[in-house]
Amino acid sequence: MRSRLYALLDSAIPNLTVICAPTGFGKTTLLRSWAAQRSADSPLIWVTIDDAPESVPAFWEMISSAVHGSEEFFDAPGATLVIDDYDNLGGLGGAIDDSIRTFAAGHPQSKFILSGRSTSSLADPRHQMRGTLQLLGPNELALTLDEVRLLVARELPSASAPVASSIYRETLGLPLSVGAMIMALSSLDRIPTDHGVEWRALVSAELSDEFSDPALLRFLQVTSTAPYFDTTLAKKLSKLHDVSDFLSELERLGFGAWNPHIHTRPVFQYVESLRLMFAAEFKSAHPKQFLRANSVTAKWFRANSDYEQALTFAVRAKNYELAAQTTMALFLTSPESYMSDLLVHQLRAIPLKALKSHPILAFSLGLAYSNNPLMAESATRLLEAAADSLLKPRPEETHSNKFIANTLRAVALRQVGRYTESAEMALTALSTLEIMSPEAREDLHAYLVLALRHVAYCLFQGGKLEEAVPVINEAVAHATSQPALNYTLSFAAGIHAFMGGTASAQQAIDMSDPRGWPRKHDESYLNVLGVAGRAMLLIDRSDYEAAEQLLARFRTVLCKHRVLALHYNSHDACPACHGAWPARGATR
């Protein structure tokens, strides 16, 4: 069943193999089964490190004792030394690593296999590149789909064909999880048809029986809601003052490990398949505590400025007030996030009643849906609700909050085609901005560029073109990142072109960097005014054919987003030219 790994262990070159993975990956089981099927003519010595030796010479004395003091053992072809629990060497690990590597190089006819939970200097990729050792880690030790199929055929002979695939999908091949799932299923009279949540609950129940300490099990369950966590979050979730012993034990058992790469500081991360299983059991057995854990996790992510994760967990917690606050924070810190459908998955899980009670959520989902033609009707309903009754600042609000609320409401009104009202609300937002302190304006960060850009667009589509020009110019002046500058220059090109400022429109187009667009955004409605501006410049140069080709390419986007002056065909009147569409080659 593990012939794939047996072949790696049998290989003579390189003669040094390091097996490194947490508990649960079947390291010792693999080595024992491999040793059992070897030829009796191949000598093998097995050493288990229970306690760290006092020195490097003491380590080699232990090895010498295992081979009965005979150095000739390592001269026999195929002689193998297996050292299990190698990670128990403690502080001497580095020095012993070097001595083993040297010793193995001096005895090329022998084989050396080291197995442990934690990495050592021998796991350095440079050793593998030089061909001096092979490393078997979690990826190699995980069961493949074919191996799971063989195991299921042996242990669950009556199981249908999809069962093995489902086990592999749910466990990701982690031997501990695969074994627990097969054991749980074998104890049932009938295998459940739900190969998802019900299976996870079965496995977590099976693994739970292995815990002698109920407090440790409870800690595992409550912390399994988060994809990763630090000690601060672990303490808040578990309501414990000290969690270090629990984390050390869970790491020893192979349920997780510290990961220095995910967050700004090291975080503890469970094996994902195990985490999902225990989270499912926790949700089923303790639904109220599960909601609380998600809410606590959401607040932790928000405090660490990971607003997308915070929104996900706030929605799972059904804490829609926190979800609304997080969404507003996302607008302020990542203003361009509204341009994608990344938030749709989280927001569409919110019930309609909560959307009506929390305006920013309805507004955000409406904007997200507006990117999808199939969801246009739903987008309009949500944005209408936001425009009419929700995004209205209270009198006691700060100037910053009033400005934010008014700009969002102006955008909502514009999106549903109420251009005059949108323009009036944009002017209201500008009047609030004028009395705002420089410090308050600075606190708005990148949101100010987004807001000014859309205020200018609202004024433009509401017929207040002269008022739109200085606003879009100010937005360009404040833009710093290249994507934000590209979006803003696109708006500026269109507005200036419609006002007859061809030189300013051309300058805006020239300042734009084609490499600064996020993928495909230059072909979306975000660039619609830029397209209109370039078309008008072509018309101004009497290059009608090029203008027609450009507009035809973007015709769907232009029509959808109501750039009405350019909603045309080649034989219609062109409102932008205040007359008939000029014949090709004619002077404007």
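Which residues is Thr 407 in contact with, leaving aside its neighbours within four places in sequence? They are Ala 429, Tyr 447, Ala 451 and Val 455, where contact means heavy atoms within 4.5 Å. Before going on, note that this is a predicted model, with local features needing pLDDT of at least 70 and side-chain atom pairs counting only at pLDDT 80 or more, while totals for chains, interfaces and linings use all residues. Residues are numbered from 1 along each chain as its sequence is written, and side-chain values use heavy atoms, with hydrogens and water left out.

**Thr 407**

- You'll find Thr 407 in helix H22 (residues 399-415); helices (H or I, at least four residues) and strands (E, at least two) are DSSP runs, numbered from the N terminus.
- Thr 407 is buried, with a relative accessible area of 4%; buried means under 20%, exposed over 50%, and partly exposed in between, using a 1.4 Å probe and protein chains only.
- Its side chain has a polar contact of 2.6 Å with the side chain of Tyr 447. A polar contact is a pair of N or O atoms within 3.5 Å; within protein, one must be able to donate a hydrogen and the other to accept it, and residues adjacent in sequence count only if both atoms are side-chain atoms.

**Asp 97**

- Asp 97 sits in helix H4 (residues 93-106).
- Asp 97 is buried yet has no salt bridge, a salt bridge being a side-chain nitrogen of Lys or Arg within 4 Å of a carboxyl oxygen of Asp or Glu.
- The nearest side chain of opposite charge to Asp 97 is Arg 101, 7.6 Å away; for charge, Lys and Arg count as positive and Asp and Glu as negative, while His and the chain ends are not counted.
- What Asp 97 does have is a side-chain polar contact with the side chain of Tyr 86, at 2.5 Å.
- Not counting residues up to four places away in sequence, Asp 97 touches Tyr 86, Ser 120, Ser 121 and Leu 122.

**Salt bridges**

- The structure holds 11 salt bridges.
- One of them pairs Arg 4 with Glu 147, with the closest N and O atoms 3.1 Å apart. Arg 4 is in helix H1 (residues 3-10) and Glu 147 in helix H7 (residues 145-155), so this pair ties together parts that are 143 residues apart in sequence.
- Arg 4 is partly exposed at 29% relative accessible area, whereas Glu 147 is buried at 5%.
- Arg 2 joins in too: Arg 2, Arg 4 and Glu 147 are linked in a network of salt bridges.
- Arg 101 bridges to Asp 98, with the closest N and O atoms 3.2 Å apart; these two are three residues apart in helix H4, about one helical turn.

**The largest pocket**

- The largest pocket has a volume of about 750 Å³. On a 1 Å grid over the protein atoms alone, a pocket is an open set of points where a 1.4 Å probe fits, with protein on both sides within 12 Å along at least five of seven lines. Grid points are joined across faces, edges and corners, and the volume is the space filled by probe spheres set on the points.
- Its lining has 31 residues, with Ala 21, Pro 22, Phe 25, Pro 138 and Ala 257 nearest its centre; lining residues have an atom within 4 Å of a point.
- Strand E6 (256-259) is among the elements that each supply at least two lining residues, and E6 gives the largest share, four residues.
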